[in-house]
Amino acid sequence: MKEKNLKEVFDDLEKDPEIARQFEYFGALTRLVLEVEEERLYKNISQEELANRMGTKQEAISRFESLRHKPGYDFLARLSKALGGRLSITTNGDYAFVVPNKYRSIIDKCAREKGEEAEDFIEDLFLKVIKDLQPPEIQQKQKKFYNKPIKENLTINNNDKENAFKITNDFVTEFAA
């Protein structure tokens with residue numbers, strides 16, 4: 001029997017209409033829990049250590065990660081800070097993107113070299129990729145609607161070009177399809 005990855009398991013479960021409704025309702029929280037758990041494991045932080053950093057008990061982390069607790073804003077803010085991040089809540093979840101851990105050091109390095117915050121660098125990189133994918137007539141129409149200009153002079157040092165290309169190529173391949 002072929003072993004299924006997490007996405008395949010969820011795809012199978014969503015075939016049941018009741019489970020699909022539950023997934024839709026709890027989808028954002030489920031994605032957040034998976035993101036937190038992945039980040040915690042990536043950084044080799046135990047539930048106990050994370051709880052200590054947050055000033056709470058390990059049981060609170062366990063309840064959160066097993067979806068037995070719907071967290072409040074304060075819990076999420078402390079959780080984000082304890083993992084070295086910054087909480088961001090959006091109504092545009094379908095268009096939000098989390099940079100995978102394996103690319104963060106590259107993004108941070110490129111942003112530092114440009115004197116920018118990582119968030120601004122990512123936005124500029126994304127806008128440049130989108131601009132390059134669109135025909136010129138569409139680009140002209142969009143300039144009328146958006147206030148932020150696309151940086152024409154976005155450059156990346158030679159030793160980071162291959163990595164930056166991989167990031168944008170992976171992004172476009174994975175999320176623009």
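**Contacts, burial and cores in a predicted model**

Visitor: Which residues does Arg40 touch, not counting residues up to four places away in sequence?

Guide: In this predicted model, Arg40 touches Ile45, Ser46, Gln47, Leu50, Glu65 and Leu83 once residues up to four places away in sequence are not counted. The place of Arg40 itself is in helix α2.

Visitor: Why is Arg40 called buried?

Guide: The relative accessible area of Arg40 is 7%. Buried means under 20%. The value for Arg40 falls under that cut-off, so Arg40 is buried.

Visitor: What makes Glu14 partly exposed?

Guide: Glu14 has a relative accessible area of 39%. Exposed requires over 50% and buried under 20%, with partly exposed in between; Glu14 therefore counts as partly exposed. Its place is in the loop between α1 (6–13) and α2.

Visitor: Which residues is Glu14 in contact with, leaving aside its neighbours within four places in sequence?

Guide: Glu14 is in contact with Ala20 and Phe23, leaving aside those neighbours.

Visitor: Which members of the largest nonpolar core touch the most other members?

Guide: The core has 15 residues, and those touching the most other members are Leu50, Met54, Ile61, Phe64, Phe75, Leu79 and Leu83. At least two residues of this core are supplied by each of α2 (17–42), α3 (47–54), α4 (58–65) and α5 (73–82). The largest share, four residues, comes from α5. As for Leu79, its contacts are Val36, Leu50, Met54 and Phe64, not counting residues up to four places away in sequence. Apart from this core lies another, of eight residues, including Val99, Tyr103, Cys110 and Phe121.

Visitor: How many aromatic pairs does a search of the whole structure find?

Guide: The search finds one aromatic pair.

Visitor: Why is the pair of Phe64 and Phe75 called tilted?

Guide: The ring centres of Phe64 and Phe75 are 5.5 Å apart, and their planes stand at 50°. A pair requires centres within 6.5 Å; planes under 30 degrees apart would be stacked and planes over 60 edge-to-face. Phe64 lies in helix α4 and Phe75 in helix α5, so the pair ties together parts that are 11 residues apart in sequence.

Visitor: How do you know that Phe64 and Phe75 are buried?

Guide: Phe64 has 0% relative accessibility, and Phe75 has a relative accessible area of 8%. Both values are under 20%, so both residues count as buried.

Visitor: What makes the span of helix α6 close to the expected one?

Guide: Helix α6 (residues 101–114) has 14 residues and reaches 21 Å from its first C-alpha to its last. At 1.5 Å a residue, 20 Å is expected, and the span is close to that value. Within α6, Asn101, Tyr103, Ile106, Ile107, Cys110 and Ala111 are buried. Just after α6, Gly115 takes a positive phi of about 70°.

Visitor: How many helices and strands does the protein chain have?

Guide: The protein chain has nine helices and zero strands. Of its 177 residues, 26% are buried. Among contacts with a separation of 6 or more, 53% are between residues 24 or more positions apart. The accessible surface comes to about 13,200 Å², of which 53% belongs to carbon and sulfur atoms.

Technical notes
Residues numbered from 1 in each chain as written. Predicted model: local features only at pLDDT ≥ 70, side-chain atom pairs only at ≥ 80, totals over all residues. Heavy atoms only, no water. Expected span 1.5 Å × (residues − 1). Buried < 20%, exposed > 50% of the residue type's maximum accessible area, 1.4 Å probe, protein only. Core = buried A, V, L, I, M, F, W, Y, C linked by side-chain atoms within 4.5 Å. Contact = heavy atoms within 4.5 Å. Phe/Tyr/Trp six-rings, centres within 6.5 Å; stacked < 30°, edge-to-face > 60°. Areas by Shrake-Rupley, 256 points an atom, 1.4 Å probe, with all protein chains shown as cover.
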